[in-house]
Amino acid sequence: MEQVAAAATVDAHGLVTAWSEGARTLTGYPAEEVVGRPVTDLLAEDVPSEALVARIGRVVLRHRDEGTVAVCVCACPLLGPDGSRTGYAITTVRPREGPEAALGARAFEQASMAMSVFDTQQRYLRLNAAACRMMGVPEQALLGRAFPETVENAEPSHGLHRHLRQVADTGRPVRYESFMTAPALNREHAWSIEIWPVRDDRGQVEAVALAAFDSSEQYGARQRLALLNEAATSIGTTLDVVRTAEELVELLVPGFADFVSVDLLEWVLGAEELPTVADGDVVLRRVAHGSAREGTPEAAVHLGETDIYPALSPPARALRSGRAVLAQAGEPDFVDWVAERNAKGPAGRPYRTGAHSVIALPLRARGTTLGVVVGVRIRHPEDFGGDDSALGEELASRAAVCIDNARRFARERSTALALQRSLLPRGLPGQVAVDVAHRYLPSGSPAGIGGDWFDVIPLSSSRVALVVGDVVGHGIPSSATMGRLCTAVRTLADVDLPPDELLTHLDDLVSHLASDDLDDEAAELGATCLYSVYDPVSRKLTLAAAGHPPPAILFPDGTASLVPLTAGPPLGVGGLPFEAMELTLPEGAVVALYTDGLIEERDRDLDHATGELCRALGTPTDSLDALCDVVLKAVMPEEPSDDVALLLARTRALDTDRVATWDVPPDPASVSVARQQTTDQLDAWGLEEAAFVTELVVSELVTNAIRYGEPPIQLRLIRDHSLICEVSDGSSTSPHLRRAHAFDEGGRGLLLVAQLTQRWGSRQAGRGKTIWAEQVLPPA
């Protein structure tokens, strides 16, 4: 049946002054029988007082055929020209009748979601059973009342009221989500709310309908999914164990728990791996905790301290079982745990008041237990449940993998650093050629320790080799390769090869290492190296590079510049030559050797970096050590992604009175002259005690040069920390020791030299060779 609309007007005295055709149809009374009569004559029952106050509600009218009609009416005041109230306009809509109307009413009343109908002034017209349960009062207590009067004074309620007005004013439906409580609910719920206009036959908005679906379960699922998604990006941003634990705490507080702590087993933070968990009490170290309260007053253990968890406590049980353990207020385990926390940290007792639920989550990664996460709810209204256990275990599992990765990285980094430091020179040997200072800064990059290295190698005749290199890659393989190259360079340096020849042999070695190892990392093996030799007698610096940055020179006048060195290919390329160059340096010049980590960085101009290096070298300082610090501070990137090695060497020069040189004619008679010249020079130096041995060495070396070598022949004595005797000739044939038989007339000379001196050897020159021998000088 069609809906029937009725209207009437009543004056200030309650008399009917107008009666519509719809009112006649609804009640059976024509206008002439009603107009002028009191409106109360048409009521079959008294109107509820709340409906009279609100001027809206359900009433029962008399029908002319002696029946009754239940209708919902709304009274609007009529105002005169002076603004005074002259009466009321009363409108009503009779509900549909018949089976369809009854079915629709039952569907409205029995709907599982809360449904309400408001007039355009946001006053209740109708509520279903779900809405009444949510509000905690029967429908009659709300009819005619304005919405703001029935809810708490909070922003979510204000927002819902604004949306009701918006729909009434605009006639456009609204759909949105809100998180709010209701009078009959003890906590906030998530609601999916839809509000739409109800129009009359003319299309005018005469009411507003609202349906609210409790979506707390779906909201919680979305929140858990969002937390897992956030965990993927916020946990494990660094390879640091403690920072990873802090990130887990920051993620869980305050949304998941009001207080969260992370405790790890001792071995996780140490060098020894003891992954077993004892059956009794468990000792853990606190690495991170956080609270919804500033200062984390609930904590009973300070950061960095150890704590003993009883065997039956939730954390100890979680460690042993490998699963989440829940405890709620009133349970014996929970009571004992809170009492134990209060005894250990009595200052935090007031802040633990109200704690009602605790969850302990084991940190397990790759089958190994690392520690435990404990969460406590104090202000959070809900206890931890099954969904929280599943979520907590997933978050703890992800965090555990990140912590284990950080632990493994720290262990590998520590191993690589220990290996590298054991291979780098600790105490540089004493010599007169140069004063040295050095710095080595390992990278903090997640890629691990690099293969940067340097060395200072004493050579014959008071010379010194200055070496710096960089192995491609990071981690233990690079450190191991660096150790091989260090050993190879020292071995080749002991042969006294020129820099370019030494790099050629080193290049062959790297190529062989790469070809002999089938590992993918080894296949990419490569390195750069700069090898230089400084002679304090001639003040010459001879150097060659294999793909390495050129050194910088600081001259005594304070100016600095890069050496115009032609760098050859990196080591391991093979088949390409290396080019050596020679510089004559003034005494007191500083040679700066470094690895590319000092000057190279992404988005950094290389020329600008090398310019900064030269400017930093010119800074006046008290020592080479201080200059090292100045250079690193001025040039090194703020966050270097590679290792940095820096070696500074200030050159010295041997005074001419500490070097004696004679040309020796290729005549056996010259041997005695050489002996006499040696004796005279030793007397001048005050080294008479060394004369006997030195005469024998000079006699043997000069004799061999005359007999087996080629002119020109030269004898040179150098007084350094040791006494050095050198004999040079034009032959490239190297001498060697041999075993002389009983009746041989010769063959014992070099054996005698080897027995009488500290060490001896030979080195090749551009033309010819030099045989040298060193003796230990007696204490001054």
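I looked up Phe 692 and found a relative accessibility of 62%, so Phe 692 counts as exposed. The cut-off for exposed is over 50%. I note that the model is predicted.

**Entry 1: the nonpolar patch**

I placed Phe 692 in helix α20. Which residues make the nonpolar surface patch? I listed Phe 692, Leu 696, Leu 752 and Leu 756. The patch covers about 360 Å².

An α-helix has 3.6 residues a turn, so residues three or four places apart point the same way.

**Entry 2: the negative patch**

I found a negative patch formed by Asp 680, Asp 683, Glu 688 and Glu 689. I traced Asp 680 to helix α19, which runs over residues 670–685. Is Asp 680 buried, partly exposed or exposed? I read a relative accessible area of 43%, so Asp 680 is partly exposed. Partly exposed lies between the 20% limit for buried and the 50% limit for exposed.

**Entry 3: helix α10**

I turned to helix α10, residues 314–321. Its buried residues are Pro 314, Pro 315, Ala 316, Ala 318 and Leu 319. What do the buried residues of α10 pack against? I noted the strands β12 (282–291), β13 (306–309), β14 (325–328), β15 (357–365) and β16 (368–377). Helix α11 (332–344) is also on the list.

Last, I checked what comes just after α10. There Gly 322 takes a positive phi of about 75 degrees.

Conventions:
Residues numbered from 1 in each chain as written. Predicted model: local features only at pLDDT ≥ 70, side-chain atom pairs only at ≥ 80, totals over all residues. Heavy atoms only, no water. Buried < 20%, exposed > 50% of the residue type's maximum accessible area, 1.4 Å probe, protein only. Helix = DSSP H or I, 4+ residues; strand = E, 2+ residues; numbered from the N terminus. Contact = heavy atoms within 4.5 Å. Patch = residues over 30% accessible without salt bridge, like charges linked within 9 Å, V, L, I, M, F, W, Y side chains within 5 Å. Areas by Shrake-Rupley, 256 points an atom, 1.4 Å probe, with all protein chains shown as cover. Salt bridge = Lys/Arg side-chain N within 4 Å of Asp/Glu carboxyl O. Lys, Arg positive; Asp, Glu negative; His and termini not counted. Charge placed at Lys NZ, Arg CZ, Asp CG, Glu CD.
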